[in-house]
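Please open the structure in your viewer and keep the selection tool at hand, as this tour moves from one selection to the next.

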Amino acid sequence: MTRVIILNRIMRASERNRSLFLLCLLTVAAVPLRAQTTATPAPVPATQTTTPQTTAPSATTAPASAPHESAPQPATPAPQPPAASPQTTTSPAPQTPGTQPAASPAQQPSAQQPGAPSLPNPDQPTETIKVQVNEVNLIFTVTDKKGKFITGLKRENFGLLDDGRPPLAVLRFTQQTNLPLRVGIMLDTSSSIRQRFQFEQDSAIEFLLQILHRDDRAFVEGFDIQTDLAQDFTNNVDLLNQGIRKLRPGGGTALFDALYKTCKDQMLPLQETGAVRRALILVSDGDDNYSRVEESDAIKMCQRADTIVYTISTNISPSKDKGDDVLKQISEATGGQPFYPIKLEDVAIGFRNIEEELRSQYHLVYRPANLKMDGSFRTIYLQATDPRFHVRAQKGYFAPRPAQ
């Protein structure tokens with residue numbers, strides 16, 4: 001009897017030990033599961049709510065730092081129950097490879113926008129290279145007292161003042177005999193020059209045949225009360241010839257309107273990468289009876305367009321009239337020269353003199369001092385140190401305005 005009681009106690013004790021042993025095994029098995037949940041970032045959304053809408057914003061706030069910061073933060077899974085609740089440990093597991101990597105690359109550009117300006121952006125080069133170069137290109141001619149062109153001079157042979165001050169630096173100084181030309185021929189087609197018009201046409205065609213080289217371009221225009229662009233910029237002399245021949249005289253004279261419009265529409269929009277000579281050859285008697293703009297407005301527009309105006313008067317009377325003075329004022333203000341033929345056949349001589357001058361000019365590039373971006377007019381004073389020489393250049397230019 002005593003042996004039976006002892007055996008029963010032994011059996012009960014062994015059952016308790018087995019249950020304790022099993023409990024220990026379960027406890028030990030739960031430790032790596034808890035460590036695994038702390039190592040993965042999945043429990044972070046699992047501890048908040050069960051809806052996916054609230055977990056997605058938490059992933060976008062720190063897409064790059066969440067995988068690194070979750071490992072040293074074992075306090076985040078502390079509110080979770082132990083391994084007894086299988087839904088909290090098994091359900092986030094499939095979300096970590098599926099939802100988080102898919103959301104981070106799609107939403108990564110929006111999360112990196114605050115840091116984007118610190119990185120170079122090759123798609124927007126103009127925003128970083130947009131620099132306004134404050135340089136003045138000045139083309140001028142030097143002659144002696146008899147009007148003969150003087151060549152071979154150097155930078156030290158001239159004195160220059162820009163708006164009353166010496167330039168900050170002279171960047172280039174060369175004698176340019178073959179600068180590309182952008183030439184416009186403006187023929188007065190009003191009724192006042194009807195008898196002289198054919199000589200003007202013939203002289204203009206001969207001029208274009210002699211002066212146009214491979215890199216040059218020219219256009220032809222007639223004007224009375226309106227402008228008639230017979231041929232736009234081209235290097236084809238045949239097209240220019242056809243444009244001149246189809247012009248017909250008749251009507252009043254709006255000289256200032258034509259000059260203003262031509263510089264504004266033809267010369268000002270030109271975009272050139274290198275230095276060119278912009279010149280207008282105005283063949284007219286200088287009389288204006290129909291313009292709406294003033295002479296000063298037309299001259300200012302020529303200066304804005306950096307255009308030299310040469311004038312050839314068709315007035316062959318012995319006495320000079322008001323029209324000749326107008327042509328002289330326009331030429332001298334823009335750096336050109338007026339020509340007054342004595343007889344009608346001398347119109348061709350005026351074209352030849354212009355041709356020679358355009359191939360015998362100097363080119364000066366400098367940086368002005370105290371340049372203000374206000375669009376104001378700045379005077380240019382250029383003089384040769386040798387008093388025997390006469391310099392002919394534009395009287396000034398308009399300062400650029402601030403970039404918009």
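Is Arg-217 buried, partly exposed or exposed? Bearing in mind that this is a predicted model, select Arg-217, which is partly exposed, with a relative accessible area of 28%. Arg-217 belongs to strand S5 (residues 217-223), while Glu-272 sits in the loop between helix H10 (255-267) and strand S7 (277-284), so the pair ties together parts that are 55 residues apart in sequence. Glu-272 also counts as partly exposed, at 28% relative accessibility.

Now select helix H8 (residues 197-211) together with helix H9 (residues 237-245), whose axes come within 10 Å and cross at roughly 170°. The two helices are therefore roughly antiparallel to each other. Among the residues that make this contact are Ile-205 and Leu-208 of H8, and Leu-240 and Ile-244 of H9. Sorted by class, the contact has 7 nonpolar, 2 polar and 2 charged residues.

Since Arg-245 lies in helix H9 and Asp-202 in helix H8, the pair ties together parts that are 43 residues apart in sequence. Arg-245 counts as partly exposed at 39% relative accessibility, and Asp-202 counts as partly exposed at 33%.

For the last stops, select Asp-386 and Arg-388, whose side chains meet in a salt bridge (2.7 Å, N to O); Arg-388 is exposed, with a relative accessible area of 53%. Finally, select Asp-162, Asp-163 and Arg-378, which are linked in a network of salt bridges.

Terms used:
Residues are numbered from 1 along each chain as its sequence is written. This is a predicted model: local features need pLDDT of at least 70, side-chain atom pairs count only at pLDDT 80 or more; totals for chains, interfaces and linings use all residues. Side-chain values use heavy atoms; hydrogens and water are left out. Axes are lines fitted to C-alpha atoms, for helices over the stretch in contact, and angles run from 0 to 180 degrees between N-to-C directions. Helices (H or I, at least four residues) and strands (E, at least two) are DSSP runs, numbered from the N terminus. Angles under 35 degrees count as roughly parallel, over 145 as roughly antiparallel, 65 to 115 as roughly perpendicular and the rest as oblique. Contact means heavy atoms within 4.5 Å. Ala, Val, Leu, Ile, Met, Phe, Trp, Tyr, Cys and Pro count as nonpolar, Asp, Glu, Lys and Arg as charged, and the others, Gly among them, as polar. Buried means under 20% relative accessible area, exposed over 50%, partly exposed in between (1.4 Å probe, protein chains only). A salt bridge is a side-chain nitrogen of Lys or Arg within 4 Å of a carboxyl oxygen of Asp or Glu.
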